[in-house]
Structures are given as structure tokens and as C-alpha cells.
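Please look over the sequence and the structure shown here before reading the notes on chain contacts, helix packing and strand pairing that follow.

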Amino acid sequence: MLSRAADNLYWLNRYVERAESMARILGVAHRMSMQSTHGGTRNDEWEAALIIAGCDKSFALHGGPATRRAVIDFLAFAPDNPSSIHACLKAGRENARAMRAQITSEAWESINAAWLEMRTFSIAKVEADGFNTFFDWVRERSQLFRGVAEGTMQRDDAYRFMRLGTLLERADSTARILDVKYHVLLPSAADIGGAVDYYQWGALLRSVSAFRIYRQIYRDSIRPLKVAELLVLREDFPRSLHACFAEIVSILQYLRESYRRDYPSVRLAESMLLKLRYDQIDTIFTGGLHEYLTNIIDSNIELGAAIARDFMQPN
Amino acid sequence: MTAFDEMDLGPATQSQSQSQTQSQGQGVRAPYRDYKRWLDAAPGDMLARRRQEADLLFRRLGITFAVYGEGGDTERLIPFDIVPRIIAAKEWKRLRRGLKQRVKALNAFLDDIYHKREILRAGTIPEDLILRNAAYVNHMRDVTIARQTYTHIAGIDLVRTAENEFYVLEDNCRTPSGVSYMLENREAMMRLFPDLFAQVRVAPVGHYPDALLQTLRESAPPNCEDEPTVALLTPGVYNSAYFEHVFLAEQMGIELVEGGDLTVKDDIVYMRTVGGLKRVDVLYRRLDDDFLDPRVFRKDSMIGVPGIFAAYKAGNITLSNAVGTGVADDKSIYPYVPDMVRFYLGEEPILANVPTYVLRRPDDLKYTLEHLPELVVKEVHGSGGYGMLVGPKSSTAEIEAFRAKIVAKPEAYIAQPTLALSTCPTFVESGIAPRHVDLRPFVLSGETMRVVPGGLTRVALREGSLVVNSSQGGGTKDTWVLEDDETPDNIAAGGDD
């Protein structure tokens, strides 16, 4: 497959996943802001959302306080914010349009329909109709797109690069959500185990669709250590870092076999997977969860660059 | 002007309001009979509802064409009319024979003028008309290409004026577009009117991509030893026909490449892939000659492939269509195509040209200047209907201004009578009404010649308008060639006739 096509498809899925992550981040911030039993100022949740999305600096340039409306508008609709849901769906659809020869018409129709409908939403409209309806819609469209691709596409390199895009973006998102919630919003020691804690961590779990899974696995009250273990180390939870890297590695190894080349990106991914497979949550906490997650986020960025060098840049 | 309506019999074309009732029981031309019967039995609001569905369908499929220079949203839907244009089996057979004959002659002509130049030596076509033509590519002189075939894909624009009168309006031998609309229109019609297709026997067109791929593979260059690798070269996402490039590459299962995806090493063309460089043998290029290779043609081309022309000359790649085909579809050459048919094939042309006055000839110039208000005058290097005068639609001032241009440089123009283009029933605001149409069939030339039944029908949606270009208010229709009982139309990819 063409290098340019691999690049486009990889980014197509990254954009769609990023739109979904954004909707998840906003959804949970919205939920938290409605049950603001915590001690912080009212805007805490919205500032956290900006930090997780990596948009706090660009938002600050716009000026104005981080109110619910302003943050949702910026993260969901601002056309000039390249990480907004609007911009992600638009860019994803543009990539898909350029790659119509590589994806199934069902997959194309799914992303195209999502973009066309996206254009009918605005901050005023979703404020009137309910924010959650919109966040759910974004999540569903992303899931639908992935599902259609999964259900219709040949298991060829096009599909593999799309999956890589999804997985790298998802790993990045999970790591950031956990890091920000844990590090930036960690309540004072006195609050641990209290109601605030319950809602904070419960919301975090909900943001990655893990609330019920947590209950089933741990059959315990919500504890930071276990939440972190679920999101980082459990291989059976699809948004965990371990699960993402397990699939990334298997795809990259497949590509290495089929092209019989030595790709540095494969080795990097393998070394990351090894850590996630053998590290234990207690030792991670001893060394500092924030440091651990920062390291993963940085490695993930380096992996993205290595994949680009190996497969997508002109030989 | 009385136009021939392809559905209704009868002396006069009805005004819009009457047409629906008048044609009900009587006077429907045979090819439209089954359709009309079906239409009359359908509920009154059916067409309106189906048109809405069609609109949604096309948006969902993303069938758009780009219009630039207007600002704002650059993607627009090309209007699609849900009433089919219907051609009888017998009519089509004659057209198909004529199309093949014409394209065969055009290919022979191109081979001749880049090699032996017999037609020039015979004096059939004035030498300077070819050799000083801007579309004549000197670099192609004595270049040997696979099968001596230059235009593998030709789009021949036809118009109809009466029951048995079809004319070739122009030949498109460079990078004719529109075939994706032919295919998508059919796809849409089959989704919208499945019951209709059960009642009327319409020759299928869906095998076009297959026929095209076969044609391209058969055109592999002399130095290709294995199964040829075919790719489609597009100028990129900003090209107005980009949708079509994507569509065809998808349908054929070949790579859609841009200039930057290709690289030339030792006169061999490769594409850059995730597994390294991969050799390309046949390039269906939808990029104009000028932009193809900055080392040979326009130096400022950023979308071309440096070195590809050298690879072409070395016999390591087939470019489809060949470089330099533009000289065959130039308006100044058009009047000579019937002579080419006689010269190369020794046959009488089956398809006639529109009578054309060549203004470099003194008699033709004199006649034209005396009859400007009745004539259409075209610039020979123009395209898209901009550099032209439509006499009957122009004011005296416009005619006089154009007269001055003609007198200053007569050889830059040809003139033709204003044709009474046929009309087809079309679903417009006021209901079903006649609108003018043309037809672009696509002729493929590989080891054999292939023509998929029908082609792209373009329709001028504005009442009375003769301009079918999509950039100027034109739309498209599905084109039905009916199958008769004797011989099912050629649907296999193999040759016929």
C-alpha cells in the first residue's frame, strides 16, 4: 500500500478516536459539574477538561473564563481548534474522502454522514437540546464508524493502519485522563475515601466506559490504586494501555513479517508492551503514577513518530 | 426552434403544462413505452418523493464536483434527473459501430502524424494545421508506444436532432471525465426504482471499470514482462474530477497515486509503499500533458513526476492516454475527422460531423460573416463553452464584437449551425417537461475495442437552454440502452462487432 495512504488512514482513525475521546472528556466534565460536591471552584472540571485535551494553552489565548459554555464551544465546535470535535470529524472525513479507494463504501458513508450531521450542530443548538445527547451522538458515530470498518473491511494493511491510529490515540487519551484526574485533581489526603473521591473516580471510570467493569472485576469500592490498575495494566479492558499496546505490537509484528524489514518502531512498541505486561501497580505508585504516565505519554508520541518514519515517509 | 423530443411523437413539442396530459395515451416513441406505462400507473407524488431520496442518496455517497472561485462551500452536488433517457437497441447498435469506427480512425491519425505523416503528404489535412497546432507535442515525434494506441479512453460527445440524425459534437481524446456519473446514476436508479428495472430490460453498465482495467492491462509497455501493475495518477484532491479518480481506482482495485507517490530511477517508474518501492507499468493518468513531467513540460509543475517522460520513451511505462492526443480533439482538426475515417479505414463515416465552417477557408468565412446571428462560432483552442458566440442568443452588440475578433484572426475559429438538440422528459419544478440533452459514450481501445451501452447523458435544466455543462446549470440522467430479443448487448468484457 502507498505510504501516503497508510498515513491518511492512520490519521483518519486517530481523528475519529480523538473526537470520541473529546466527547467522553466533555461528558464526564458535564456530569461532574452537575454534582459539584467537591471543594474546588466551579470551573475546576472545565479546566481539567482543557488540560486533558491538551487545549489549555490554546484556550487561554482566546481569553475569557473557562465556563461550561466556553469550554464546550471550544472543544466541540471551534473550527480553528484543530482538536475540536468539529475539526476532527472534518479532517477525518477529508482523509476518508481522499482514501475512498482504500476503505469500503459503508465506512466512507458512515464518516461522511457523521460529518454532514456534525455541521448541523452548534453550541446554541446543543445547549437547547441537551449536551449529553450531543456527546452520546459523537461517541455513537465514532463507534459506528469503527464497527462498520470492522464489519466490512478486508483485513489488509489499510485496516491495520486504521487500527494503529485508533490504538495510539486511545492509549494517549486513557493515559492523559488518568494522569490529569490523578495528578492535577488529586484531593487532599483528608478527602481520600470520602464522597468527593467516590464521585471523582467514579466519573473517571464512566469516562472510559469502565464503571461496571470495575465493579465486576474488583467487587470493591472505588479505590485509586485499582482504578489505575484497570486503566493501565489490565489486558482485558479494551481502553487500557496494556490492551492498546498488545494490539499495536501484534499489528506491527505482522507488518514486519510481511515486509521482512527491520522497523525500529516495532522494537519500541515491544519494549513498551513488556513494561505494561510485567509492571505491578504497587511499584508504579511507589515510583509515582504521574511520572509513570508521563513516561508512557512521551513514549507513545515517540512511537507515533517512529511509525511515521518507518512506513509513511517517502523512501 | 422545434426540437425532436425523444419520448413523444407528434409534430410539435408541447409546452410544459400540456405535456403531461397530452402524452398520456397516445404518441409515445417506442423506447419510452414501457417507462411511460409505469409512470402513468405510479401515484402522483412518487417522482417528487423519489427525487428527495435521490438527493439524500447522492449526498451520502459523497458524489460532488468542486466549483472553485465562488468562495464558500466548494463541494456541490451535480444535479441528477430521475427520469431516464432511453435509447432503443437498434439505435445503439448503429451508434456503437460509428463510435468504434471514429475512434479507430483517431488513433490511426495520431500514430500517423507522430510517425509517417501520410495524411499530411496526401494533402488531406493542411500540414501547418497539425505541426503548428499548440496541442501537437513535438516530444512525441517517433516515440514508439504500445499497440500504437494513443487514446485508450475516448469520450465522444453526440447530439441528436431527429429520429435518425445523430451528430458528433466533439471528440475528447485527452482525459475525458464523467464516466463515474454514468455508473453512479445507474446505481442510484436501481436503488430508487427496483420495480422499474424488473419491467424494462436495460443493458447493464456496471462492468465498465472491469473493461477499463482490462484495456489498461492490455496496453502494458513492451518492457513489461510480468502481470502489469496499473495505477491511476490524479492531480489530487483539489481537482474537480477527484471524486471520479477515487471512484474508478476503487472500482478497479488499483492504487490511486499522486505525483509525489511516484519516483523514477534508471527510467523505471516506482510508487512509494509501506513495503518499499514498487514498479508501475501502466499509468491511467488524469493529469494534463503540461503537468506530467517538469523536466520536459511545464517546469513549475508540482504535481507531476520528474523523469517520467524519459521512462515513457524508454518503453518502461504506458501512459494512458498517450501524450499528445490533444491534437486529435482540437476544434480546428474536428472538421477533418470524417476524412480520417475515409483515409485510414477506407470506409464511409457512420457518424456524421455537425456541418462546420472552417473560417480559414475564404468561402466559409464569407458565409459565416453573413450569417452570424444564426450560427455558433467556437474558438479552436477553447473548451467549456466560454470562448464562443451563440448567434441566436446574442445581442447585436455582442455579435458585432465577436465579428471583429473573427475578422482579426479567422483561423482561430470554426462555425456551426445552431442545432435543434433533442429533448428528453425531465422532472423540473413544474412537473415533467422537455429539456435539451447530449450524450457522451466512452470508447475503450486495448487489444479489442469496448463500448459500454449508453454513456453519460447531460441535460440543460434551464428551460430552452442548450448548455449542458455542469459548470453552467447542467445536470445528468441515467442513460438506458434497451436490450432486444435477438442479441443481448455485449456485456462481457470481450470484443464485439
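The axes used below are lines fitted to C-alpha atoms, for helices over the stretch in contact, and angles run from 0 to 180 degrees between N-to-C directions. Helices (H or I, at least four residues) and strands (E, at least two) are DSSP runs, numbered from the N terminus. This is a predicted model, in which local features need pLDDT of at least 70 and side-chain atom pairs count only at pLDDT 80 or more, while totals for chains, interfaces and linings use all residues. Residues are numbered from 1 along each chain as its sequence is written, and chains are lettered from A and ligands numbered from 1 in the order in which they are written.

**Helix packing**

- Helix α9 (residues 208-218) of chain B packs with α10(B) at an angle of about 80 degrees, and their axes are 9 Å apart.
- That angle makes α9(B) roughly perpendicular to α10(B), a term that covers 65 to 115 degrees.
- Pro209(B), Leu212(B) and Leu213(B) of α9(B) meet Leu248(B), Gln251(B) and Met252(B) of α10(B), where meeting, or contact, requires C-beta atoms, placed from the backbone, to lie within 7 Å.

**Contact between chains**

- On chain B, 21 residues are in contact with 19 residues of chain A.
- The largest share of the side of chain B that touches chain A comes from α10(B), with 4 residues.

**Strand pairing**

- An open sheet of 4 strands in chain B runs in the order β14-β17-β15-β16, with antiparallel pairing, and two strands pair if DSSP finds at least two bridges between them.
- β14 (357-358) and β16 (388-390) of chain B stand at the edges, each with a single partner strand, so one side of each has no neighbour in the sheet.
- Tyr357(B) stands opposite Ala415(B) in β17(B).

Note on methods. Contact = placed C-beta atoms within 7 Å. Parallel < 35°, antiparallel > 145°, perpendicular 65-115°, else oblique.
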